Amino acid sequence: QVQLVESGGGLVQAGGSLKLSCAASGSISTIYGMGWYRQAPGKPRELVALITTGGSTNYVDSVKGRFTISRDNAKNTVYLQMNSLKPEDSAAYYCTANVRLTYGYKSNYWGQGTQVTVSS
């Protein structure tokens, strides 16, 4: 149906930057909201950033001013530019998209996750 494939994770020193990408493919008619969540070991999954079809954005307080979410609707892709990274940003990052399929069904889909590790 729909596949979300993330890339761009890795190991970076504190203060560094990474850019995550997530491309959606499959029987897609329309992609509505897209976003990024993260989950560190032993902690619940938390929302990092969301972006609407029109480009409105929302961020968790801990990343405001450091992370930027964007999307390319022509490529069905969402990005997360992460600057001034801190060790506490280390987590598995998951993208999500609210998608209407070509035959009308609408649901939320998730990527497989990409690991971000920030060393101090």
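In this predicted model, Arg66 is buried, with a relative accessible area of 11%. The value falls under the 20% limit for a buried residue. Arg66 is located in the loop that lies between strand E6 (57–59) and strand E7 (67–72). A polar atom of the Arg66 side chain is placed 2.9 Å from the backbone oxygen of Ser62. When residues up to four places away in sequence are not counted, Arg66 touches Gln81, Met82, Asn83, Ser84, Leu85, Lys86 and Asp89.

E8 has pairing partners in both E3 and E7. With strand E3 (residues 18–26), E8 pairs in the antiparallel sense over 6 bridges; within this pairing, Ser21 stands opposite Tyr79 of E8. With E7, the arrangement is likewise antiparallel and is joined by 6 bridges, and Asp72 has Thr77 in E8 as its bridge partner. E7 and E8 form a hairpin in which 4 residues separate the two strands. Asn76, in the turn of this hairpin, has a positive phi of about 50 degrees.

Two charged side chains are placed over aromatic rings. Lys19 lies over the face of Tyr79, at 4.8 Å from the ring centre. Arg45 lies over the face of Tyr94, at 3.8 Å from the ring centre. Pairing between aromatic rings was also examined, and a search of the whole structure finds 1 aromatic pair.

In soluble globular proteins, nonpolar side chains tend to be buried together. In the present model, the largest nonpolar core has 31 residues, and the residues with the most contacts inside this core are Trp36, Leu80, Met82 and Tyr93. At least two residues of the core are supplied by each of strand E1 (2–7), E3, strand E4 (28–39), strand E5 (46–51), E7, E8, strand E9 (91–101) and strand E11 (114–119). The most is given by E9, which provides 6 residues.

Leaving aside residues up to four places away in sequence, Leu80 touches Leu18, Lys19, Leu20, Trp36, Val48, Ala49, Phe67, Thr68, Ile69 and Tyr93. Among these neighbours, Trp36 and Tyr93 are also listed with Leu80 as having the most contacts inside the core. Met82, a further member of that group, is among the residues touched by the buried Arg66.

Note on methods
Residues are numbered from 1 along each chain as its sequence is written. This is a predicted model: local features need pLDDT of at least 70, side-chain atom pairs count only at pLDDT 80 or more; totals for chains, interfaces and linings use all residues. Side-chain values use heavy atoms; hydrogens and water are left out. Buried means under 20% relative accessible area, exposed over 50%, partly exposed in between (1.4 Å probe, protein chains only). A polar contact is a pair of N or O atoms within 3.5 Å; within protein, one must be able to donate a hydrogen and the other to accept it, and residues adjacent in sequence count only if both atoms are side-chain atoms. Contact means heavy atoms within 4.5 Å. Two strands pair if DSSP finds at least two bridges between them. Rings of Phe, Tyr and Trp (its six-membered ring) pair if their centres lie within 6.5 Å; planes under 30 degrees apart count as stacked, over 60 as edge-to-face and the rest as tilted. A charge sits over a ring if NZ of Lys or CZ of Arg is within 6 Å of the ring centre and within 35 degrees of the ring normal. A nonpolar core is a set of buried Ala, Val, Leu, Ile, Met, Phe, Trp, Tyr and Cys residues joined through side-chain atoms within 4.5 Å.
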